[in-house]
Amino acid sequence: MSEMPERIARTAAAWLLEHFGIERPEPAVQPTRKEFEGAWTLVLFPYTGPSKKSPEALGQELGAALVESLDEVEGFNVVKGFLNLSLHPKYWAERLDQMVADVHCGGRATDENAAPEVVEYSSPNTNKPLHLGHVRNNLLGHSVAEMLQAIGRKVVRVQVINDRGIHICKSMVAYRHFGAGETPETAGLKGDHLVGKYYVAFDREYKRQIEELKAQGRDEESAGKQAPILLEAQEMLRQWEQGDAEVRALWTQMNEWVYAGFAQTYAALGVRFDRNYYESETYVLGKAVVEQGLSQGVFERRPDGSVWIDLSAEKLDEKLLLRKDGTSVYITQDLGTALSRHEDFGMRSMVYVVGNEQEYHFQVLFAILRRLGYDWAGALYHLSYGMVRLPEGKMKSREGTVVDADDLLGEMVDTARALSEELGKTEGMDEAEKQALYRMLGHGALKYFILKVDPVKDMVFNPKESIDFDGHTGPFIQYTHARIRSLERKAQSMNLPSWDGVLPDAASVVLIRQLDQWSGTLHSAAVGYNPALVANYVYELTKMYNAWYQNHSVLNNDDPAVSAFRLRLSAEVGRTLRKAMGLLGIECPERM
RNA sequence: GGUCGCGUAGCUCAGUUGGAUAGAGCAUCUGCCUUCUAAGCAGACGGUCGAAGGUUCGAAUCCUUCCGCGAUCGCCA
């Protein structure tokens with residue numbers, strides 16, 4: 001990473017102290033805005049009072065002092081209260097050298113011996129296929145894991161599969177009634193879609209029965225509770241818990257189908273997990289925690305036998321941990337899961353990628369772990385993200401407005417294919433290369449569209465027009481990458497000389513400066529769990545490169561050394577695009 | 001009602017720890033392919049940064065109040 005801003009700040013601080021006795025605030029050095037000349041800008045306002053100088057006068061003196069004492073600083077200008085410093089082209093040439101030589105491209109090698117960072121994401125239910133909300137979750141989780149890895153962290157990716165409970169029993173009951181032995185093969189459906197079909201079938205039948213009961217004079221509420229198919233599902237859950245062989249066999253079968261379906265969707269999304277946790281196995285884990293909490297006096301057993309914790313000191317109210325019948329609740333399972341993970345991995349921290357509707361839950365979870373005295377509880381983080389909504393509003397499965405993940409990915413590829421063919425971009429490609437390209441572009445467009453938005457914000461997704469392939473999009477960046485790769489291929493047969501001694505012109509310095517920001521951006525994005533920073537950085541870099549490319553011929557120059565230099569700069573931009581997009585889970589094509 | 005989050009151009013979004021004239025893309029309109037890929041580039045149009053106060057040399061950014069939207073406040077997960 002560049003240490004120039006720190007050196008400027010230190011030198012300026014020393015000068016301010018020596019000449020005016022000013023100790024604070026520390027000089028703020030920031031990248032110069034592009035409409036002004038210079039690379040780094042020092043803000044003078046805080047010192048005009050104590051120094052009794054005008055901003056202009058102070059800027060002139062400090063600028064001259066910095067030129068004097070820092071070899072890299074070539075010149076300066078003062079605009080209002082801002083001191084803009086320009087650096088020697090030679091400095092930028094050296095920065096480019098350093099970046100090209102950095103095999104980790106702004107990151108660090110993974111420390112395999114370090115305590116890992118656990119990233120939990122996806123965490124689906126097994127009663128229906130993945131939808132657009134899951135897509136945002138998976139993309140965020142995957143990208144966060146990739147970024148952490150890129151800055152040298154060891155990462156463990158996990159998911160909790162919610163494979164038990166009333167929801168899956170609903171699908172099972174409906175399958176028993178209406179399935180007639182159908183399988184994914186006979187139905188020609190992905191397993192998760194087949195199971196989801198019966199979840200919908202359950203709901204349809206359930207509603208029908210409610211209407212029937214109401215016609216017989218029942219009120220809405222009692223009809224809802226007494227519908228035979230619901231009672232059947234509840235009974236099936238009891239049988240499941242008792243280990244009924246037939247129910248367990250059906251459960252196993254249907255879950256297998258779902259996992260096979262999920263595997264396909266995960267593969268399409270390019271996400272993976274090092275370890276799966278199944279709720280059917282972890283839901284008992286919390287019991288030991290309850291005992292521990294009781295013996296520590298952190299939890300309290302009430303006369304009816306239920307166990308509670310009082311978090312009113314944290315303004316989180318009282319929270320139930322064990323029902324009076326001794327069964328555990330969600331938060332208890334999560335406590336148990338967290339503890340067992342700490343035993344499994346000895347992680348330094350853990351990030352849960354879960355929607356913002358569960359913010360309260362995680363506040364409670366973390367508070368309880370702190371109360372129990374786990375020092376690592378402070379290193380747990382809920383990456384809370386906003387909802388993906390449609391132009392009409394929230395997606396509702398009951399109204400059929402849910403955007404299915406598989407359908408969406410498929411449509412993206414279709415759109416990419418149509419557009420590529422229309423533009424005649426695929427001439428000379430064989431079929432396999434075409435398919436790979438359509439996939440890269442379609443998925444890239446979707447992934448970029450989702451990841452460029454700050455995770456905390458809700459986002460609007462319009463299936464008909466949201467995904468563009470022009471402008472601030474994944475394909476725009478992929479296209480620029482392909483152009484650079486094309487230059488590199490062409491240059492191979494040109495036998496270019498060394499770039500040594502060629503100094504970057506002002507326009508090239510702009511590009512090098514942007515490259516110089518990459519390492520810092522990557523680091524902030526990773527520790528801030530925010531892929532949007534990477535997405536927006538890479539867009540800026542791409543725009544700058546395209547502007548440069550437009551009036552800087554890379555390979556057609558009188559001086560072949562200039563060509564060599566520009567090619568090298570282009571290649572480094574290309575490599576950075578590839579790296580950054582990779583962290584977003586997006587591949588860049590060699591040609592398009 | 002309590003708590004948390006969000007509110008920036010017609011639409012979708014950026015806006016680093018408070019700094020310069022609030023930026024992109026889409027859409028609309030103008031130009032640019034006989035030199036490396038036009039999924040590109042250059043330009044025009046478009047804003048009382050939800051509102052009002054406050055802090056500050058300086059506020060889209062921090063504080064307060066209000067308005068709007070969302071989430072949450074289950075022995076669901």
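# Note on a predicted protein–RNA model

1. **The main contributor.** Helix α21 gives the most to the surface near RNA strand B: eight residues. A residue is near a strand if one of its heavy atoms lies within 4 Å of it. Helices and strands here are DSSP runs numbered from the N terminus: H or I for a helix, with at least four residues, and E for a strand, with at least two.

2. **Ground rules.** This is a predicted model, where local features need pLDDT of at least 70 and side-chain atom pairs count only at pLDDT 80 or more, while totals for chains, interfaces and linings use all residues. Residues are numbered from 1 along each chain as its sequence is written, chains are lettered from A and ligands numbered from 1 in the order written, and side-chain values use heavy atoms, without hydrogens or water.

3. **The whole chain.** Chain A holds 22 helices and 14 strands. Its C-alpha trace spans about 90 × 65 × 45 Å along the principal axes. Of its 592 residues, 52% count as buried. Buried means under 20% relative accessible area, exposed means over 50%, and partly exposed lies in between, with a 1.4 Å probe and protein chains only. Now take the contacts in chain A with a separation of 6 or more: residues 24 or more positions apart account for 73% of them. Contact means heavy atoms within 4.5 Å.

4. **Around the RNA.** How many residues surround RNA strand B? There are 62, and the closest are Arg33, Lys80, Phe82, Lys425 and Tyr479. Of the RNA atoms that come within 4 Å of the protein, 64% belong to sugar and phosphate. By class, the surface near the RNA has 28 nonpolar, 15 polar and 19 charged residues. Nonpolar covers Ala, Val, Leu, Ile, Met, Phe, Trp, Tyr, Cys and Pro; charged covers Asp, Glu, Lys and Arg; the others, Gly among them, are polar.

5. **Polar contacts to the RNA.** A polar contact is a pair of N or O atoms within 3.5 Å; within protein, one must be able to donate a hydrogen and the other to accept it, and residues adjacent in sequence count only if both atoms are side-chain atoms. Gly471 places a backbone N or O atom 3.1 Å from a phosphate oxygen of RNA strand B. Ser486 uses a polar side-chain atom, 3.0 Å from a phosphate oxygen. Which part of the RNA lies 2.8 Å from a polar backbone atom of Val554? The answer is a base nitrogen. Among the elements that give two or more residues to the surface near the RNA are β2 (40–43), β4 (82–87), α18 (474–492) and α21 (531–551).

6. **Strand β4 and its partners.** Strand β4 is mostly covered, with five of its six residues buried. Two strands pair if DSSP finds at least two bridges between them. β2 and β4 pair in the antiparallel sense over four bridges. Here Leu42 stands opposite Leu83 in β4. Strand β3 (residues 73–79) also pairs with β4 in the antiparallel sense, over six bridges. One pair of bridge partners is Asn77 and Asn84. The hairpin of β3 and β4 has two residues between the strands, and Lys80 there takes a positive phi near 50 degrees. Lys80 is also among the residues closest to RNA strand B.

7. **A three-stranded sheet.** An open sheet runs in the order β8-β9-β10, with antiparallel pairing. Its edge strands, β8 (300–301) and β10 (318–322), each pair on one side only. Strand β9 (residues 307–310) pairs with β10 over four bridges. Asp310 stands opposite Glu318 in β10.

8. **Helix α11.** This helix (residues 245–269) has 25 residues and reaches 36 Å from its first C-alpha to its last, close to the 36 Å expected. The expected span is 1.5 Å times one less than the number of residues. At the start of α11, a side-chain oxygen of Asp244 comes within 3.1 Å of the backbone nitrogen of Glu246. Just after the helix, Gly270 has a positive phi of about 80 degrees.

9. **Helix α14.** Is α14 largely enclosed or exposed? 12 of its 16 residues are buried, so the helix is largely enclosed by the rest of the structure. The buried ones include Ile331, Asp334, Arg341 and Phe345. Gly346 follows, with a positive phi near 55 degrees.

10. **One buried serine.** Ser143 sits in helix α5 (residues 132–150). It is buried, with a relative accessible area of 0%. Leaving aside neighbours within four places in sequence, Ser143 is in contact with Leu451, Pro531, Leu583 and Leu584.
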